[in-house]
Amino acid sequence: MLDPTSVAAISAVLGAVGSGMANEAGKWAWESTGGVVRRIVGREVPAPVAPDERDDVARMLHDRIRADPQLAAHWAVFAARMRRTPAPATAARSDLPASIRFFTDRKEAMKRLQREASRRPDGRPRLALVHGPDGMGSSTLAVHFGAQPTRLFPDGQIYADLGGAGAGGARDAGTVLRALLRQLRVPDEEMPTGTDELGEFFRDRVADRRLLVVLDHAYSAPQVRPFLTPAPGVFTILVARAPFPGIDAVRVPVGPLSDRDAVRLLTDITDKSTVAAARATLPSLLQRCGGSPYALRAAAYQLSAPTLPPRRAEADGDPVRGAAEDNYRLLAPESARLYRLMALRAWPAFDAAAAARTTGQAPEAVAESLEDLADRMLLERGGGSGNGRYRYRHGVRAHAEAAATREDGIAACSAALARTLSAYADLAASAAHQALPESWRVPAPAEERVGRRYEDRGAALDALLAESGNLVEAVRCAEESGDPDTAVRLCRALWPLQLKAGHHEMLLPALRIGARLADTHRPTSPDAGALHAQLAHTLTELKRWDEAETEARAAARAEEAAGHKRGHASAVEFLGLLRLRQWRYPEAYECFDEAGGILDTMGDQDEGTADLPRARALLERHRGRALRGSGPREEAREKLETALRYFRSSGDTYNTARTLTDLAESRLDEENAEAALPLIEAAITTLDGQSAEYQLRYLRRMREACVTG
C-alpha cells in the first residue's frame, strides 16, 4: 500500500486536485491546496502546472512532513478531504454514426480489422489505419465494422470526426478528447482543464474497458497520438484518405468496387428489373462512377432515365465531383443556387434559417430544398435525420464552391457570405444577451436585430451551443473577408459560452482573432478590453497562465485608455483571480485593492454604476480568499463575512453559498470542524435545487470530514 506521505502519493493528490478545476468546487479545492502548501512549507510556493513542477512541490511537502508529525497529520486530514470518488462505470452503448443498409464487397478489409481487433495482447496498441479516396467508403467500412454484432466491445463504441486538413482546419485535440469523454458519459465538470491532462485522463478512463474508438478524417501521426492507448481492450480505427507515416498500424486499403460488385450494389439499392432495363446506360454510368460507392448510390435513381445528364469535362476525373455534377444538373434553379451559396465556407452544420438569410429565400421553401438536396446526396444530414441541420461531403462542397464561383461570380458570392455572416452575428448577439441579460460584457442588440425570443436563459444558451462551430467559422470568415466589425461582434457574443459552457479549446482560435482585430481597428475601445479579457479567461481555464496574464494586462490597458472604468476594474480584478489560481495570494490581494480603488472613482455618468454594490462585495470576498491563502485568518473571515451580509441581503443565493463555503474552508484550515459544520449545512441548504451538483458533492464531502473527524 502506498504511503500517503510519500512523494508519489502527495504528487497524486496535487494532480487530482489540479485536474478537477473545470467546476467551481474544483477551483475551491485548488485554492485550499495552495493555502495548505504555503502553511506546511512556510513560504509562498508557485502553483505547479507541469508534472515535474508538481513533483517538485510534492518533494517540498514530503521533506517538511517527514520532519514534523503534526504537519503530517494535518496533510493526511486535508488529503482525505480532497479524495475524489471515481464515477461509476456506465452502461455499454454505441455512439457510431448510423451504418448503411447495403454493404457490398470489402470482405478482405473486414477480415483484417477483425484480426487486429481480436489478436492476443502483446503491449502494442490495437490500431488499424483504413484509407481510401473520398467517396470510396473508408468511413463506412469503419462504422460498418463497429456495427456488427460482436463480443469484442462490450463497453461500447465511440466516434470522433477529426476534421481532416482541408478548409476550416482540423479539430484541436482538446475538443475531440472532450467529445469522446462525453460519449463515455463523463460530465464536463469532471474533465481536466489542460489538454495534456485531458489525454492522460482519457487514457485512464479507457484503460480497463473493451472499447472501439473510430477516429474519422485523420491526416497525420501528431494529430492522432493524443488519442492512442496501449490498453489491451481498446481497438482504435483511424480513417484517412491516404496512409501517413509515424503510426504503427495495420493498413487497410479501400479501393474502387469492381464492375461486378458495383452492379450488385445498384441491384440492392434498386432491383433487378431496373438494372436489367438500364442495359444501354449502365456501362456509361459505371464508368462515370469509377467504383465509388458514394457515386453509385447518388446515381442509382438515374438508371431509369433514358439518358444521363450532360457533364462538364473537368468533373470526369473525380467520381464524387462527377456524381455531384450529374445531380446538380437536375436541380431546380433556386435549389441549385442554395446548393452553391451555402458551400462558400465549410460550415460545420447549418440549418434552414441560416440558408434562408444567405439566399434571400423563404425559410419554408429553403427547408424543402435542403431535404431534397439531402435526398439527392448533395448534402448530408448533420447528426442524423430529423434535426434540421446539414453539411457537405468534402468533395461535394468543392464542386458546389467551384460552381458558385463560375455561375454566380465573385461579387454575388461575397454578398452571399456577407448575408451569412450577418445572420450568424445577429443570432449570436441576440442569444447571448438573452442568456446573460444582466452582464455588461454582452452588449444588447439593436431592437430591430433581436430576432428569436427564447423561452428562458437555458434555451438561449442552448442556441449558442448549437451554433458554436458555425460562430467560430464565421469569425474566421469575417477576418478573411475584411469585416472586423462583424468578427468583433461575434466574439463579444461568445462570452456566455465561455462562462457557462466551457468549450474553451474550440473558442480559443476565434478569441485570438477577435483580440487581434480589436487591437488593429479599435485599439482604445471597450471592445479591445472586453476581447482581451475574454481571451484571458479562456487561457486561464486552459492553464496557460503566462499567456493569460499578458491578455489580462492588455485588457486593463485598453479599458483604461477607453475611459471604461467598470471594464478597467474588472480586468484588474481578473488578474487578481489569476493570481489566486497561481497561489500568489499577496499579489492577488493587491490586485483586488487596485480594482476597488478604480471602482471608487466611478460617477453616476459611468457605465455600470448600478452594479457597484455587488462588484464591491465580490472584491471583498476575493480579498478574504487571498488573505485566507496567505495566512491572516481572522482578517480573512472579516472580509468574507462582510461580503456574505451583502449577498444575503440582496438575495444572491449563488454567491451566498460560495462565501459560506469560503468561511467553512477557513475553519477547516484550523481543523475546527465544530465551527465549519453549520456553515457547510447553510451552504448546502442555500444551493439546494439550484443544479449545483458538483458544489453540493464537495460540500457533502466536507461535511463528512467534519462528522468523521
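The tour goes from the whole chain to one residue.

**Before you click.** This is a predicted model, in which local features need pLDDT of at least 70, side-chain atom pairs count only at pLDDT 80 or more, and totals for chains, interfaces and linings use all residues. Residues are numbered from 1 along each chain as its sequence is written, and side-chain values use heavy atoms, leaving out hydrogens and water.

**Stop 1: show everything as a cartoon.** You will find 33 helices and 7 strands; these are DSSP runs (helices: H or I, at least four residues; strands: E, at least two), numbered from the N terminus. The C-alpha atoms fill a box of roughly 95 × 65 × 40 Å along the principal axes.

Stop 2: The protein exposes about 30300 Å², with carbon and sulfur atoms supplying 51% of it (Shrake-Rupley method, 1.4 Å probe). Of the 709 residues, 55% count as buried, meaning under 20% relative accessible area (1.4 Å probe, protein chains only).

**Stop 3: select Asp 669.** Look for this residue in helix H31, which covers residues 653–669. Is Asp 669 buried or exposed? Its relative accessible area is 5%, so Asp 669 is buried.

Stop 4: Beyond its neighbours within four places in sequence, Asp 669 is in contact with Arg 39, His 74, Arg 628 and Arg 633 (contact: heavy atoms within 4.5 Å). Now draw a distance between the side chains of Asp 669 and Arg 39: a polar contact of 3.2 Å joins them. A polar contact is a pair of N or O atoms within 3.5 Å; within protein, one must be able to donate a hydrogen and the other to accept it, and residues adjacent in sequence count only if both atoms are side-chain atoms.

Notes
Buried < 20%, exposed > 50% of the residue type's maximum accessible area, 1.4 Å probe, protein only.
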